[in-house]
Amino acid sequence: MAIWMVGIDHNKANLDIRSTFSLTTKKMAAAYEAFLRRKDIDGCVILSTCNRMELWLSTDEDARFSPFALLCSFLAVDADKYRRYSVERRGEDAVRHLFRLAAGLESKIVGEDQVITQVGDALAYARSCYATDNTLEVLFRMAVTAGKRVRTETDLSTADRSVIHTALDMLEKEGISVRGKNCMVIGNGMMGRISSQTLMDYGAAVTVTVRQYHKGVVDIPQGCARIPYDDRYRLLPDCDMVVSATNSPNYTLTLERLKDLDVNHEIPMIDLAVPRDIDPGAEALPWTRLYDVDAFHIDLQSEKFKWNLEKAEAIMEEEREVFLNWYTGRDLVPLIQSLKQQAGTDVAERMTPYLKHAPLDGEDLEQLVTEVEGAASRMMNNLLFELRKKLSERAFQDLLDAMNETFSDERVTGKKPYLKEKTGAQKWI
């Protein structure tokens, strides 16, 4: 079994290139169906955010194909054209990346809160599509758990907890404050709701667009006004800021419609979507100031921040080792369980003749034998656990095989190994 990750992220690709590889929920479902048709792929998880698109695969150890070529073939794009923007990781390198990612250590805004939710949601959706296998299930669950531990045991929080926080803080440094201003948020998904709540926290009056085809109650932060999505151009001239954060494949604001508006003041427009929500041509209008997700960054110079970053890295390495111990030993689990059971049974059988002379009735004797058996099983488990930490994987495997062979020979011959004391009497072991 092998773990692969291939994808496009912000370290190599700009927003336009990332947009090419961005996958909607519907397209992800189709990708799962296509990839799992291959007999050498046991499971997959797709993580698609504004900063990255990653395809995670669990494959046969001897699989001989290019995950990036597979991805590009599905998206109908030229692999050779985009290969330089891709990154591929395998085995321990891939595992380390996912654990760091879940903790926010691979984000443009280090320590951001949303990524751990995105990792968990990616696993949940893959599971709903019956796309995961046991390896990816355990990997992603443990990565999320490790990310939560980093949140609990370190303080990576700065003023920048998300992209919208970063944007507003950066604009405030430029003299642009939203306090007491009218702001419109286009989109009421997770990023839209975070943006709406953050703008209100910064003192803005917020109006959220809602599409008419939504059925039932649309969840928007309490205190926000709402308007139909189709009325966004009507409201825009009265706004002091616009934030767009949708999953739409089309522009939510087009240059053609914007240039016909009568606007007499500057309006900062923050585009948090991948692919873009706002037509890049809008930047040419005299009353707009356009920002996208690539416009924001974080200052990592704080000594306190650096100390917490080192602590977070140490936690990630510790948690990664826990997963790798499980991963490298998962095929040995049945054999280890068998050896534990055999050790418990063997010791109980050897002890039973001696215990029969104890002043105990039937039920108490049976209980004592059961406890002896359990204690021997736990002793074997602890012994194997310590040996596993001290021996190489190959040596540990050889040891288990030898122990299993010894127990098997004993079952066949009926002869139990023994030690001889100085008197020559047999002593059970």
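Colleague: What separates Asp-346 and Arg-350 in helix α13?

Modeller: In this predicted model, the two residues are separated by about one helical turn, because they stand four residues apart in helix α13 (residues 333-355).

Colleague: How do you know that the side chains of Asp-346 and Arg-350 meet in a salt bridge?

Modeller: The N to O distance is 2.5 Å, and the rule asks for a side-chain nitrogen of Lys or Arg within 4 Å of a carboxyl oxygen of Asp or Glu, so the pair qualifies as a salt bridge. Both Asp-346 and Arg-350 are buried.

Colleague: What makes Arg-83 and Asp-80 a salt bridge as well?

Modeller: Their closest N and O atoms are 3.7 Å apart, which lies within the 4 Å limit, and therefore the pair is counted.

Colleague: Which parts does the salt bridge of Arg-100 with Glu-313 tie together?

Modeller: The closest N and O atoms of Arg-100 and Glu-313 are 2.4 Å apart. Arg-100 lies in helix α5 (residues 92-102) and Glu-313 in helix α12 (residues 303-329), so the pair ties together parts that are 213 residues apart in sequence. Arg-100 is buried because its relative accessible area of 16% is under 20%, whereas Glu-313, at 29%, counts as partly exposed.

Colleague: Which residues are linked in a network of salt bridges, and how many salt bridges does the rule give?

Modeller: The network links Glu-92, Arg-96, Glu-317, Arg-320 and Glu-321, and the count by this rule comes to 23 salt bridges.

Colleague: Turning to the sheet, why are β7 and β10 said to stand at the edges?

Modeller: The sheet is open, with six strands in the order β7-β6-β5-β8-β9-β10 and parallel pairing. Strands β7 (225-228) and β10 (288-292) each have a single partner strand, so one side of each is left without a neighbour in the sheet. On average, neighbouring strands of this sheet are turned by 20 degrees against each other, direction ignored.

Colleague: How do you know that β9 pairs with β10?

Modeller: Five bridges join β9 (residues 267-271) to β10, and pairing needs at least two, so the two parallel strands meet the criterion. Within this pair, Met-269 stands opposite Leu-290 in β10.

Key: Residues numbered from 1 in each chain as written. Predicted model: local features only at pLDDT ≥ 70, side-chain atom pairs only at ≥ 80, totals over all residues. Heavy atoms only, no water. Buried < 20%, exposed > 50% of the residue type's maximum accessible area, 1.4 Å probe, protein only. Axes fitted to C-alpha atoms, helices over the stretch in contact; angles between N-to-C directions.
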